[in-house]
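Subject: Handover of a structure and findings

Dear colleague,

Please find below the structure that I am handing over to you.

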Amino acid sequence: MDISTLLTAVVAVVGVPLVLLGYIIGGEWVIERLPEKIQNTFRPYFWAAPGIGFASVFMLVPLAYSVVWSFQDDSLSKFVGWKNYIYFFTFPDTITSLKNSLLWLIFYTLGAVGLGLILAILVDRVKYEAIAKTAIFLPVPISAVAASIIWKFMFEYQAAGSTQTGTLNAGLGLVHHDPVAWLVDATTNNASLIFVGVWTAVGFCLVIISASLKAISSEVLEAARIDGANEFQIVRLIVTPLLWPTITVVGTTMIINALKTFDIVYVLTNGAYDTDVIATQMFRNLSNAHFGRAAAIGVILFITIIPLLIVNIRRFQQQEEQR
Amino acid sequence: MSQADATIARSEERATPISALSNWGYRLQRLPLHIVIIAFMAFWLIPTVGLLVNSFRQPADMANAGWWTALFPPHGFTLASYQQVLAIDGVPASIISSILITVPATVIQLTIATMAAYAFAWMKFPGRDIFFIVIVGLMVVPIQMTLIPLLKLFAVTGLAGTVVAVWLAHSGYGLPFEVFLLRNYLGGLPREIFESAEVDGAGHSVRFLRLAVPMTIPAIASLTIFVFLGIWNDLLVALTFLSGSPYKPFTVKITQLTTSLGYGWEFLTAAAVLQMALPLIVFIALQRYFVRGITSGSVKG
Amino acid sequence: MAVVLGKLGAKAVALTLGALFVFVTACGSSSSTPTQSATDVTVWTAWGGNELKAFQDVLKPFTAQTGIKVHISTVRDSSQLAINVDAGTTLPDIGLPPNVDKVQDWVSKGVMKPIETALGDQFQDYMTNTVSSLTTDQGGKSTNTQIYLVNGKHYGLFVKTQVKGLLWYDPKVYTGQAPATWNDLIAIDPAKYNAKSLFCTGIESGAASGWPAVDDFDNILMRQAGHDTYNNLIAGKVKFSDPQIKQAYQSLGQMFSASYGGKNTILTTNFGKAGDPMFKSPAGCLFLEQATFITSFFEQDNPGVKASTDYNFFPHPSMGNPAGDGNVNGFADSLVMYNDTPAARKLMQYVASKDAQQIWVNDGGTLAANKQVTYNDPISKAAFAVVQGAKNLEVTAGDFVPSDMQSAFWKSMLDYVNNPGGLDGILSHLDSVQKSAYSS
């Protein structure tokens, strides 16, 4: 590691907060000496400027560029109209990636949120709840790269009749079932990849839903039990509706994750055997220098997420009104 | 419901059975519950345990038999994988790079985000809501869209291939969520404290630095862990900006450890364990903050 | 204010101490500075694992003699280079060549530097001592992007070669003669030699899965349909649905259906491990078709196996078309100089030398590009003889088509193994990819 990079790092870690500190203190010193009216108009922008500036430069501007480039060819100099979009919607490979992303959207979300909800309700009733939550949450901080390597060994396949080295196929062997080529077989591969995703996400959903669950007043539940409701009815008619806001928050986060999935597919199959998703398609086009196409795919991905954008904004506005 | 049923219902909630017989009946009823939960826990833990065990085995063993066989003698445990991985040129450097990338990027974005969040929470200005909606909206933008334009931007400004580029890119990506979360938190702080400080003559900088920030420390602490781990685990951004750079982080290095043709998966076990070690240690040591960080943004409001 | 500053001061001190700690530990690990022209060289190669180790062995004498430090990065494929070239960011001093469809573009942009410049007065030696099909176009043309020759100047330095399409076997198991033709090969009954199946095939290879099958296909096609058809396919001038191409796929299908473990094993077995069943008892299969580099994989996964006693090869049998018989599939690793620095030049000169390439050969599993290298084991000698005796040394089609075509080509093999009945659909899909890949 050369010294200059290390010094830069140290300078950044110490310097940036100090610079901002100086910015705030110095700026306020100047602002306070301005006439009152001007103060209040000027000050907010002054404070928000670094944040807004950063977001603009590193998110908004590139976004705009991407939209423009999606209408250009690979050298990003010639305008080609809708050609890239047409390519995306007519080429069999990209259509497959759209279909797979849809599968991810539905099953990853349902799996993570559904399992999270069920588990939250179940572990709430046992004394070792904390341990259970820790065990299930453990995959969450693991990187997708590490998770993929972990599951590579779970999915390993050896020819029928040979010793199985993969955990899942060994388990199948115990019940005298032939080994399955999880990542290769078209009937299982997408499901396998999605399951890896769910494995990394359930803990997240569990923790959040569990926190909300605890907030439900026990009096309500007790009253219901006294009135003769059984556990299933309680879950269906009381708990779930009360948890609904939390479920939607978690659900939208999961949907966004599903659509943006890259690491797991890239590391485990790189899209082979029809497991491609939108994000890996985009990266592949990027790597093959099809910049116009890659930009178009990015825009399409963004458009699929826009409904969630609107949901997020609506929720923000509702929260604002409550304030 | 009869008096007896009500008593039983209450005792179920308190988990104190009434008599020895109903004790066993009660436990049997709960058996499926326990089985389901414990089975689930086991199934969730097995994959990670499998990797851990495999990381201590010889490649030839791994090719011939599954990890569970190593639990019985002969074990054949060895540190060879770890030694090999750490001896590969560039691996220790990439671990240091991961730290060099993660720490400054975290610091930069959190300081900027806190400042901006305070402004959005406690200052009224025209366009505030619109700006905020835009920022919230940016949370869902797929980062793939920004990769090429940023690549070109960095090339033009001479930052290409440097860690600074990655700090800035990560900061840009993380800001929207952090501003959103911190603004919610800051907005929830008691108005009276700020008002009385203002009456006492404290300017905004004092109110921010001596009131807002200290009160926000719990949220910032949790968020820091989150952000830190997110950058530590990142693959795509580093893959795009630092693939060939000597400063590539560990995640990228791992994907490059196999030969050009995908051979050599066995060597990756130790590498993966090493990469996972930091997040797992952080999680286990700082569970409370971790969890709080996740729930604070979602459960509120 | 002072209190706040005091608090921040403490934090700053703590952070600085932390940074110092990182600094101290970092000093322990190797330094990787960006390029300094006379003392350091950055190299990007696709080699990892044991290939990389061999390269490091090759570099040891170089660094010892010249003191120049070589910083190697394993970069999967040239797409990363492509991204950097397009974005105008820094390139390594020496690196992999680009995909063949970019060669002329990069040369015209001045991105690739001529070997003539890199080798200086050693260039003539390089031309004389390197296998001629790697340095000169057989038809006398001044531009041949397959060997990185553009307008008479060379841009790729060849350092290692391989022969492909060799049929490996265990002499203790298969005691018969080398089959003269493909039909003879297919007709061999594995049970006669106590083996479970005729072939072992494994085509998994991470992101590049399918390439070993493309290699097998190439070896069939170049012999079955001949030199011109083969190269026309590479140039995109022959459709995939052409009867000759289809026939080659079908011949390949004969190998797949006679492979150990069936389609799932073919698809999930990494190419490096594909040969392992050959050495088990009872043997899983008789033959593995693969290039010369596979020998180091044999030895790594099956400790104790030795050349000639436990494994040997015979060349690819004839496909029944005499005109195609002299076509041999070889491939070569080459390096390109992207930044003309004194240290880079020295490194290029070194790897072109027979001493450097001798180390590569001694490490096993490869042949050299330099003709002066000596081969110590009979297998390498025999393999090099195949190279020398070839009428046409053909490149691997899968590596010399545009990148989109390459991905589709590799993938078509996976699909064909998975679903042999769907060949026509697979071929027409390849046609549409071909149309778009060669038009831009």
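Predicted model: local features only at pLDDT ≥ 70, side-chain atom pairs only at ≥ 80, totals over all residues.

**The interface of chain B and chain A**

Chain B contributes 116 residues to the contact and chain A contributes 112 residues. Together the two chains bury about 10,100 Å², and 80% of that area is on carbon and sulfur atoms. On the side of chain B that touches chain A, the residues divide by class into 82 nonpolar, 25 polar and nine charged. Seven residue pairs are in polar contact between chain B and chain A, counting those with both residues at pLDDT 80 or more. The number of salt bridges found across this interface is zero.

**Arg43(A)**

Arg43(A) belongs to helix H2 of chain A, which covers residues 36-69. Is Arg43(A) buried or exposed? Its relative accessible area is 6%, which is under the 20% limit, so Arg43(A) counts as buried. The side chain of Arg43(A) makes a polar contact of 2.9 Å with the side chain of Glu28(A). Apart from neighbours within four places in sequence, the residues in contact with Arg43(A) are Glu28(A), Ile31(A), Glu32(A), Met123(B) and His204(B). That list includes residues of chain B, namely Met123(B) and His204(B).

**Aromatic pairs**

Over all chains, the count of aromatic pairs is 66. One of them joins Trp151(A) and Phe195(A): the ring centres are 5.5 Å apart and the planes stand at 80 degrees, so the pair is edge-to-face. Trp151(A) sits in helix H6 (residues 144-155) of chain A and Phe195(A) in helix H8 (residues 189-214) of chain A, so this pair ties together parts that are 44 residues apart in sequence. Trp151(A) is buried, at a relative accessible area of 1%, whereas Phe195(A) is partly exposed, at 26%. Both rings also take part in a cluster linked by ring pairs, which consists of Trp151(A), Phe155(A), Trp182(A), Phe195(A), Trp199(A), Phe40(B), Phe43(B) and Trp44(B).

**Salt bridges**

Side chains of opposite charge can pair when their charged atoms come close. The count over all chains is 18 salt bridges.

- Lys246(C) and Asp424(C) meet in a salt bridge of 2.8 Å, N to O. This pair links distant parts of the chain, 178 residues apart, with Lys246(C) in helix H10 (residues 243-257) and Asp424(C) in helix H17 (residues 423-439) of chain C. Lys246(C) is partly exposed, with a relative accessible area of 24%.
- Lys109(C) forms a salt bridge with Asp105(C), and their closest N and O atoms are 3.1 Å apart. Lys109(C) and Asp105(C) are separated by about one helical turn because they lie four residues apart in helix H4 (residues 103-109) of chain C. Lys109(C) is partly exposed at 49% relative accessible area, and Asp105(C) is likewise partly exposed at 37%.
- Asp129(B) is in a salt bridge with Arg128(B), with 3.8 Å between the closest N and O atoms. Asp129(B) is partly exposed, with a relative accessible area of 39%, while Arg128(B) is buried, with 13%.
- In chain A, a network of salt bridges links Asp124(A), Glu129(A), Lys133(A) and Lys214(A).

With kind regards

Definitions and conventions:
Residues numbered from 1 in each chain as written. Chains lettered and ligands numbered in written order. Heavy atoms only, no water. Contact = heavy atoms within 4.5 Å. Buried area = accessible area lost by both parts, 1.4 Å probe. Salt bridge = Lys/Arg side-chain N within 4 Å of Asp/Glu carboxyl O. Polar contact = N/O pair within 3.5 Å; in protein donor to acceptor, adjacent residues only side chain to side chain. Nonpolar A, V, L, I, M, F, W, Y, C, P; charged D, E, K, R; others polar. Helix = DSSP H or I, 4+ residues; strand = E, 2+ residues; numbered from the N terminus. Buried < 20%, exposed > 50% of the residue type's maximum accessible area, 1.4 Å probe, protein only. Phe/Tyr/Trp six-rings, centres within 6.5 Å; stacked < 30°, edge-to-face > 60°.
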